[in-house]
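Please open the model in a viewer and keep a selection panel at hand.

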Amino acid sequence: MTAAATNGAPKNAPKRRAEAALAKFHEEGQLNTYDAKTLLRLWPYVRPHSSQMVVSIILLLLGSAAALAQPYLMGQGLDSIGKVPGGLVKAGVILTSLIVLEQAIAFPQMYLMQVAGARAMADLRRAVFAFLHTRSLSFFDRTPVGRLVTRVTNDVDAIGEMFASGALNAIGDLLRLVVIVVVMMRMDWQMALIAFASLPPVLIGVNWTRKRIRSAFREVRSKTARMNAYLNEQVNGMAVVQAFAREEESAAEFDQINSAYREANNRSIIFDATMDASIEMISSLCVASVLWAAGLHAASDRVSFGTLFTFVAYIDKFFLPIRDLSARYTLVQSAMTGAERVFELFENQDVDAPDTHGGEKTDKGVPGAPALALDHVTFGYKPTSTALRDVTFQVAKGERVALVGATGAGKSTVASLFLRLYEIREGKALLFGVDVRDWSSEALRSHFAVVPQDVFLFPGTVASNIAAGDETPDMARVKLALERIDALELLLRREGGLDAKVEERGSNFSAGERQLIAFARALYKDPDILVLDEATANVDSETESRLQRAVEGALSGRTALVIAHRLSTIRKADRIVVFHKGQIVEQGTHDELLEKEGVYAKLHALQFAREEVAVPSGRPPAIKESTPPAPPPE
Amino acid sequence: MTDTPLAKRDHPITLKGQLRDKAWIYLAGGGLLLVQQFLMARRDFFVRDAVDAATTLRGGDAKIAALSIFAVSIIAALARVASRYIVFSAGRNVEYELRAVLLDRLQALGPSFFRTMPTGEIMSRATNDLTQVRLLLGFGVLNVISSVFAFASALYVMATISLRLTIASLLTVPLLWLVTRSFSTRLFTRTRENQEAIGHMSDRVLASLAGVRVVRAFGLGGSEAAAFEKSNEKYLEKSLSLARLRGSMGPVMGTINAVGVLIVFWYGGALMDDGAITPGGFVSFWLALLRLSWPLMALGFVAAIVQRGRAGYERLRGIFDAVPEVQSGPLVREEPVRGNVKVEHLTFAYKDKPVLRDVSLEVPAGGSLAIVGRTGSGKSTLAVLLSRLMPTPRGAVFLDGDDVCDLSLARVRGSIGYAQQDAFLFSTTVTKNIGYSLDDVDAPDADAKVKEAAREAQVLSEIEGLPDAFDTVVGERGVQLSGGQRQRTALARALLRSCPVLVLDDPLSAVDAKTEAAILEAIERQKASRTLILITHRVVAARRCDKIVVLDDGEVVATGTHDELAAAPGLYAAFAREQALEADLDSFDADTALPVPT
């Protein structure tokens, strides 16, 4: 790194190339054109709370009026000293009531705005969350979950900050500026003109700095993101850094990023400090101009002290909002970026179980039809690939069918199609004789319970995971489900029992325990059809026999589709469907198929060899079924 | 580039040390603030003079005073910008230095540390806590200095004009200070609660989306929406509670300030009526009072800043003070490493669970060895112990006859290259990932080397097919390389590395048979130039090595060549049978198998 920075241009070319590639890559979300129309799209969410907002804005105007009347009244009061008896007291009383009014208004004004904003954002978040849950599974396969979480949380928050910080009060500020100018002009237009002689250069200056502050802030943001990403990656990839002994190089590279971050911040400090100090300075300069002008006036016409004081006080009030302007502008900008991202997401068209088939949706099957059927189905996860080719088979009610095949043969895909997690390319999938596309997706999925290969546990407790979907778990049913797979005692023995907390993704449970919870979850639902995708994870022999018992407990007396790996499970099936390279090549009972000496015989021999290798029970990981890639956690 | 990473270890890491280190900066900033506040006091006096001159019809005097205000204001503004820049950048320097130290310390720590402190926790310390420390040593210090001077300066002006009015107007000061203090502490608590609520909501959303398959399969859409709504409501409630505090802060402060203004207006007006103060004095006093309110509020915040800064620093200490379990050894060896690796009676336990038991093996320099075993047999642990990526016990692993624990870490890890099983790629370009071990990826020959390594790892054509070929950014957010592509890219990275000993941990778990054969050819070529240790469960890979060690349940159960082991009954032979059947099945074409009509 160090050497490269000082080297000549030709050597730097690849580096610039890499940098350019990285810059292009990180561009995501850094939209340069801000479109105020994006903010208008927020209206449907704001509208239900608009009455609060209107009240807030009315209060804002009232408060501004109360604030702006004060210097004027002070001037009047001061002028009355020695002229009007009791004038000072009278002005003081009015002034006090105005101040009380101003401050009394301030809280409801601010709070109403925040309530309206926060509620609107809560509605927006709900909408984003609900929208995400109507996306198709292929959308989740493609999009990192972390990015989606950001849409619901950070991006909506950025919009909300616009309301929370009172950036909308800028409306009031602008009005204040106008009123101050008008009042001062009316009081003494010559002096007002002199006072505001410095205004054009101020505006030019503010505008100049504003642009720079904006770009400085943007740079700080991007440098911060870069630094956090780098550090995060260093921590995650520390094993690689250490194995390659690249600590010094990483430190040098990080130093560049860390310095760039510091420089960017220092630049923004300069602008920030300059902005603040200049406003203070210019406010002083304006006061000086007014006093100078008053001195000039003095020769011909006495300027009242009250007027002078009012001017000085107004000048102070004039510059406060200008100081806040740039900060508020930045907030509005990040709000627009957030809104842009959220609404971009809303444009996504990948609907889960789309209404492609037309007609009425049903929630009842045809009496007497087979429970499950695939009719000449061809399917691929991507348009370019094919996972299943012309697959046809049926599962009768009460039948237990095992799907077997080598890695990538397509057997896991079958279950996803029955649940309509993906759309079939050709042919159709039927549940109780009705095309899955004619079922309402709720009714369709209510007939199934799935035990997946990679068990996913939600944050909560063991019981809440088993009783997924129920707000309060029916403990009797939870226990019953666990008893049927002979796992109740095991889980009760754990600290906390069935109320034991489940950490992120169930990391505090062993693979075997997670499997058992997934079985219990399926049984709790008590579905018509059970889909079991047998796990191939390595477990100890005790857990293995437990799991075998659990499979038996779960499957007995039920229509079941088992994506099987264990010989014991396969042998107990009523029928075996053999998949090979996306096609069904054989079907029959264990004995029939063995006689054929075809693919099944080979598979059987292989599985036999595997279980032999995996003494006493574990299996090597080579036979991991290839499920479509789950979205990686960000 | 004056800062070498080595120098960074010398940055002071205590708060006191940092304060001392930046003492001159603070002194300079303080000096400028003193100048600025002095000038502001002058300004107030000039305002008094100007007003008095204007109201008593002395135009010339007013002009001089006005010009003086001009001059003083400009210089004061410059001093203010400079002081802020100086003190804030001191805070930024502290942040910069501590962050560099942080990475330095993290790099020395091993897997056991990272297991106890998850990435999120480390990141929170590197960002939030470090920010608090920066605020303490930048903003906090500036506030203390500037508030003290501003206070003195304003008080001086006010007292000069009228002592009685000063005392009267300061009646509200203790109240303002107390109120700010209590607000700032509560603001901190509520902000934290607010962040916790959004964190909780974020976790909830993450779980719901990551588990979308279960949500679909079990029809959990409704209950997930309800669960989300709960956390959404909770967050709304927390934000509104914060909003109430934030919203009431302004009016409360405003009211207290207004009381001060009223006192000045009423009592000051009366004093002016009596002729005790001049109109100019009145305006000047009023301006000084306005200057006073911000430093007072700032002082109220200081207590919270100090408290948070110290708490943040304590959490950083948790990383700074963590003791690395692997330390560099003292033995200095100048001659190049030949590459003889010897393991003698190595026993290793992870916590109380024994992983390796009395393992012994040897690879001569330039030789090759395969370590075969099923998952969980301890073969990966053995691999990482060779280069001390975990705490290798003393007297168990030798490199060219020297105990690796005696050698410097740079020598051990620099010469024993280890490529891990789960391919972690950095989110940068393909070139930079593959060329990770190159000192200069911009060197003229680097591109060729990277390309060659990609070719050897059988990933070249796929990389060239990517949108930006070698300049494509990979990684979690990048173009989604498939698992196999990631693994082969990582393999290319390992092959490119020039080290006398190469340890490859299961480099072929996600590749198909044809690619596997081609990669094995490449690995074969590697054998010519260095010592090769191959961790694998694949017999086709193991058979190419001079010697094979079979590991089971942490113990060496067999040693020999492929032919010897394949002939004898045992784990290796079982592996061989299984994999032969697998290959047989794979070569079987679906179309030749007769589909059964249904």
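What follows is a guided tour of this predicted model.

**Chain A as a whole**

Begin by selecting chain A and displaying its secondary structure, which comes to 24 helices and 12 strands. Colour the chain by burial next: of its 634 residues, 47% count as buried.

**The contact between the chains**

Now show chain B as well, and select the residues at which the two chains touch. Chain A supplies 151 residues to this contact and chain B supplies 142 residues. On the side of chain A that touches chain B, α13(A) gives the most, with 31 residues. By class, that side of chain A divides into 89 nonpolar, 36 polar and 26 charged residues.

The residues of the contact of α6(A) with α10(B) comprise 22 nonpolar, 12 polar and 5 charged.

Centre the view on S89(B), which has its place in helix α4 of chain B. Is S89(B) buried or exposed? S89(B) counts as buried, because it has 21 C-beta neighbours inside 10 Å. When residues up to four places away in sequence are not counted, S89(B) touches N266(A) and I269(A).

**Helix packing within chain B**

Keep α11(B) displayed and bring back α10(B). The axes of α10(B) and α11(B) come within 11 Å and cross at roughly 160°. With that angle, α10(B) and α11(B) are therefore roughly antiparallel to each other, and their crossing is right-handed. On α10(B), the contact is made by M253(B), N257(B), G260(B), V264(B), G268(B) and M272(B). The residues of α11(B) in this contact are P279(B), F282(B), F285(B), W286(B), L289(B), S293(B) and M297(B). By class, the contact of α10(B) with α11(B) holds 9 nonpolar, 4 polar and no charged residues.

**The nonpolar cores**

Turn next to the largest nonpolar core, which has 217 residues; V290(A), L291(A), A50(B) and V503(B) touch the most other members. Helix α13 of chain A (residues 247-300) gives the most to this core, with 23 residues. Zoom in on V290(A): leaving aside residues up to four places away in sequence, V290(A) touches M191(A), I194(A), A195(A), F311(A) and V312(A). Another core, of 141 residues, lies apart from the largest one and includes L59(A), F393(A), L532(A) and A573(A).

**An enclosed helix**

Select helix α15 of chain A (residues 411-418). Why is it largely enclosed by the rest of the structure? The reason is that 8 of its 8 residues are buried. Those residues are K411(A), S412(A), T413(A), V414(A), A415(A), S416(A), L417(A) and F418(A). After α15(A) comes R420(A), whose phi is positive, near 55°.

**Two further positive phi values**

Most residues other than glycine have a negative phi. Select K581(A), which is not a glycine and has a positive phi of about 50°. K581(A) lies in the loop between β11 (575-580) and β12 (583-588) of chain A, and it is buried, with 20 other C-beta atoms within 10 Å.

Finish in chain B at Q458(B), found in the loop between α15 (446-456) and α16 (460-464) of that chain. The phi of Q458(B) is also positive, near 60°, and Q458(B) counts as buried, with 22 C-beta neighbours inside 10 Å.

Methods:
Residues numbered from 1 in each chain as written. Chains lettered and ligands numbered in written order. Predicted model: local features only at pLDDT ≥ 70, side-chain atom pairs only at ≥ 80, totals over all residues. Nonpolar A, V, L, I, M, F, W, Y, C, P; charged D, E, K, R; others polar. Core = buried A, V, L, I, M, F, W, Y, C linked by C-beta atoms within 7 Å. Buried ≥ 20, exposed ≤ 12 C-beta atoms within 10 Å, placed from the backbone. Helix = DSSP H or I, 4+ residues; strand = E, 2+ residues; numbered from the N terminus. Contact = placed C-beta atoms within 7 Å. Axes fitted to C-alpha atoms, helices over the stretch in contact; angles between N-to-C directions. Parallel < 35°, antiparallel > 145°, perpendicular 65-115°, else oblique. Left-handed = near helix turned anticlockwise from the far one by under 90°.
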